Amino acid sequence: MGSLTAEPMASLMTGLARKYNIGCFIETGTYLGDSARFAANVFPRVVTIEIKAEFQDQAKARSQGFNIEFLLGDSASLLPGVVSSLPGHHVLLARRACGRRILWRR
Ligand SMILES: C[S@@+](CC[C@H](N)C(=O)[O-])C[C@H]1O[C@@H](n2cnc3c(N)ncnc32)[C@H](O)[C@@H]1O
């Protein structure tokens, strides 16, 4: 399906956010933060989880001024707590954690 920051995913994300008034975007696997920064321009709240501190450090350095919450650790451990704390609708983007992408809306 391609990168979140490129078509068709970019339009899909923007359309979902508007149509369903989605309040939060959650990402497992920050890497350098490209998708998180894109999402920060679309969703009111963005939470991104990264297991490697060096990647998170680089993502934070590239994301100055963006409203992004960075969590460090294994998404398998942190995700349940993040999801259960959220009111309303949110989008979860889980990438390659098990060899495929998952796009899920609640
Ligand atoms: C394909 S990259 C993510 C790219 C990013 N989502 C984007 O669109 O720019 C995968 C990332 O997932 C991280 N990762 C792998 N296993 C993880 C886990 N269990 N929990 C959190 N992050 C993990 C890797 O360190 C890597 O930075």
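## Getting to know the chain

Of the 106 residues in this predicted model, 28% count as buried.

User: What pattern of helices and strands does the chain follow along the sequence?
Analyst: Start with the inventory: the chain has 4 helices and 5 strands. Read in sequence order, they give the pattern α-β-α-β-α-β-α-β-β.

User: Which strands does β2 pair with, and in which sense, parallel or antiparallel?
Analyst: On one side of the list there's β1, joined to β2 by 5 bridges, with the two running parallel. E27 stands opposite T48 of β2 there. Then there's β3, residues 69–72, which pairs with β2 over 4 bridges, and V47 has E69 as its bridge partner in β3.

User: What handedness do the β-α-β units around β2 have, right or left?
Analyst: Take β1, α2 and β2: they make a β-α-β unit that is right-handed. Next come β2, helix α3 (residues 53–62) and β3, which also make such a unit. The handedness of both is right-handed.

User: Which residues come nearest to the ligand?
Analyst: There are 19 residues around the ligand. The ones that come nearest are G29, Y31, D34, S35 and S75.

User: Why does G73 count as partly exposed?
Analyst: G73 sits in the loop between β3 and α4. A residue needs 20 or more other C-beta atoms within 10 Å to be buried, and 12 or fewer to be exposed. G73 has 13, so it falls in between and counts as partly exposed.

User: Which residues does G73 touch, leaving aside those up to four places away in sequence?
Analyst: G73 and T28 are 45 residues apart in sequence, and their C-alpha atoms are 9.9 Å apart in space. For the chain, 52% of contacts between residues at least 6 apart in sequence join residues at least 24 apart. As for the contacts of G73 itself, the partners are I49, I51 and L78.

Note on methods
Residues are numbered from 1 along each chain as its sequence is written. This is a predicted model: local features need pLDDT of at least 70, side-chain atom pairs count only at pLDDT 80 or more; totals for chains, interfaces and linings use all residues. A residue is near a molecule or strand if its C-beta atom, placed from the backbone, lies within 6 Å of it. Two strands pair if DSSP finds at least two bridges between them. A crossover is right-handed if, with the strands pointing away from the viewer, the path from the first strand over the helix to the second runs clockwise. Two residues are in contact if their C-beta atoms, placed from the backbone, lie within 7 Å.
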